Amino acid sequence: MTAALVLSATDAAAAEVATAIGPIVGGEDGMVVASSNEAARVGAQILAEGGNAVDAAVAIQFALGVAEPGFSGIGGGGFMMIYDADDDAVTVIDSRERAPASAKPKMFLKKDGEPIPFAKRRTLGVAVGVPGALAAAEYARAEFGTRSLADLIAPSIALADHGVIVSRLMAASLVEHQAVLAANPAASALFLPGGKPLTIGQLLVQPELADTLRLLADDGIDAFYHGPIGEAFVAEVQAAGGGMKMSDLDHYEITVDDPVQGQYGDYEIVTAAPPSSGGLTVLQFLDILERLDIGQYPFDSSLRYHLVMKAMHLAFADRNAYLGDPEFVDIPLAGWLAPKYIKKRAALIDLTENTCPVPPGAIAGAPPALAPVELMNGDPQTTHVNVADRWGNLVTFTVTIEQHYGTGRLLPGYGFFLNNELTDFDPLPGRPNSPAPDKRPLSSMAPTLVFQGGEPVYVLGSPGGPRIITAVAQVLLDLLEYGLDIEQAIAKPRIYSALCNEKARWESGLPRTVRDELEALGHRFRDEPLEVGDVSVIAVDGGTYVGVADPRRDGVAVGITRVDGD
């Protein structure tokens, strides 16, 4: 269902606008797609008041920390991709968390050299990385935005003060992760009042978070990196056994990166570069499938899904063997997508069986491969937002605190969760993604822009840990190869199969007959379906935007159309 209303602009330079809200909407002068209704409306209001896409994106980032505090917030970090229409240029702002100076190569190992079990590891103080979300928000605003930080934080202060409605997604998450929250007095008091999780429709009021946001609005991000918020954050990390110091916050730096780029047919795909593995893995996956001419197989056939799964196995094998923080690891970018290498990888796929194991390839310029002991753990959660404005600027960004509720530690007196991003490191030393001081753990985020003939046509991304890669890649495949419309491409059932010898994750719409045929080829599946990602898309068609929110979560699209003709 699509609802329409009129937002009154408070900026004298802004026009009155009509705003359409729903899972699928259009807009001539702007678009927001977010997993939270409240956060999406915050972004829409910024656009209505004359702000640009970066202004709206920064405001949404703060609002998501209020509306979905267990998935993101000022205690985390991520990747923001900005398309500047005037300069026709794409910039990636990398705010991935960094390990503190105290980080050790063996910090996630027991005395016997075995990895600490993940359920324990995720709660430790050494799992907390130095957050970059605030640094990225301030840099994006100052370099590309038009509004003050205080103006962009103000809507989130109101949300935290007045409360947000507990969504279906939040309520389910609180039940699933009740034990983690119950172990922390501050988190338990807020999210488990009376010992029971908040339920759908209840109001979540966060006065401590509101005060924290006020302090940031008044004093800027120095209140965190050089002030009382950071001091409390560091003290809590140390109380949990970590070695973080204020000097780690003081030394934190974002990076401003060029994206990685690839081609699919006549489309150019622009996406996040390492230390996110998402972009390169998506591009390699698509290159392999294009080499195999996957379009000859019906989009809903078992052979199509078989090729998708095998391309995943090949791409993840390389991802897990070679990728890490490029400040510490030489990544063979030139050889990664080289046509000869892609041809060799694609030739390994057998149409008649699930060949296993799938080793990493010998990429030109790469060191000898060391397959990590662990691919990933837990069921990480994230938030993703796409924004477009009336000037043609585009933003796609993904931000997270890693697992649901991060470490499970809500910072007393300040109301936000400590991340556990350093669990994304390989726990064993001597590998591309092993821990080290100031190093960024490998990410799977894949905020992506698609161009055709030099003009932007799609803006997309997803939350979901390593499932981000397969979700974004499958939607791109259905859009660019099969020509499905946006709603079909997003709604189509997805699969996730990173390792050939593990049971694949599948969604409820995948027909039993297709699974039977895939099992006959040697694939195995989990007993019950589970969602794979939450892909949101903005389609750019000349002067019109179409936004689509994934039905797998509580997302909405908000379209902006100026009604005065200016």
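User: Which exposed residues does the face of H16 turned away from its buried side carry?
Analyst: Residues are numbered from 1 along each chain as its sequence is written, and side-chain values use heavy atoms, leaving out hydrogens and water. Exposed means over 50% relative accessible area, buried under 20%, and partly exposed in between (1.4 Å probe, protein chains only). On the face of H16 turned away from the buried side, the exposed residues are Pro339, Lys340 and Lys344.

User: Where on helix H16 do its buried residues fall?
Analyst: Helices are DSSP runs of H or I with at least four residues, and strands are runs of E with at least two, numbered from the N terminus. In H16, which spans residues 339–346, the buried residues are Tyr341, Ile342, Arg345 and Ala346. An α-helix has 3.6 residues a turn, so residues three or four places apart point the same way. Looking down the axis of H16, its buried residues fall within an arc, so they line one face of the helix.

User: Which helices are included in what covers the buried residues of H16?
Analyst: Covering here is about contact, meaning heavy atoms within 4.5 Å. Among the elements that cover the buried residues of H16 are helix H13 (278–291), helix H14 (302–322) and helix H15 (333–336).

User: What is the bridge partner of tyrosine 458 in E18?
Analyst: Strand E15 (residues 455–461) pairs with strand E18 (residues 536–541) in the antiparallel sense, over four bridges. Within E18, the partner of tyrosine 458 is alanine 539.

User: How many residues apart in sequence are the parts tied together by aspartate 478 and arginine 304?
Analyst: The side chains of aspartate 478 and arginine 304 meet in a salt bridge at 2.6 Å, N to O; such a bridge is a side-chain nitrogen of Lys or Arg within 4 Å of a carboxyl oxygen of Asp or Glu. Aspartate 478 is buried at a relative accessible area of 3%, and arginine 304 is buried at 0%. Aspartate 478 lies in helix H17 and arginine 304 in helix H14, so the separation in sequence of the parts they tie together is 174 residues.

User: What separates aspartate 516 and arginine 512 in helix H19?
Analyst: Their side chains meet in a salt bridge at 2.8 Å, N to O. Aspartate 516 is partly exposed at 37%, and arginine 512 is partly exposed at 41%. Because they are four residues apart in H19 (residues 512–520), the separation is about one helical turn.

User: Over which residues is the pLDDT below 50?
Analyst: The protein chain averages a pLDDT of 93, and 95% of the residues score at least 70. Where pLDDT is low, the predicted coordinates should not be read in detail. The stretch with pLDDT below 50 is residues 1–14.

Technical notes: This is a predicted model: local features need pLDDT of at least 70, side-chain atom pairs count only at pLDDT 80 or more; totals for chains, interfaces and linings use all residues. The arc is that of the directions from the helix axis to the C-beta atoms. Two strands pair if DSSP finds at least two bridges between them. pLDDT is the predictor's confidence in each residue, from 0 to 100.
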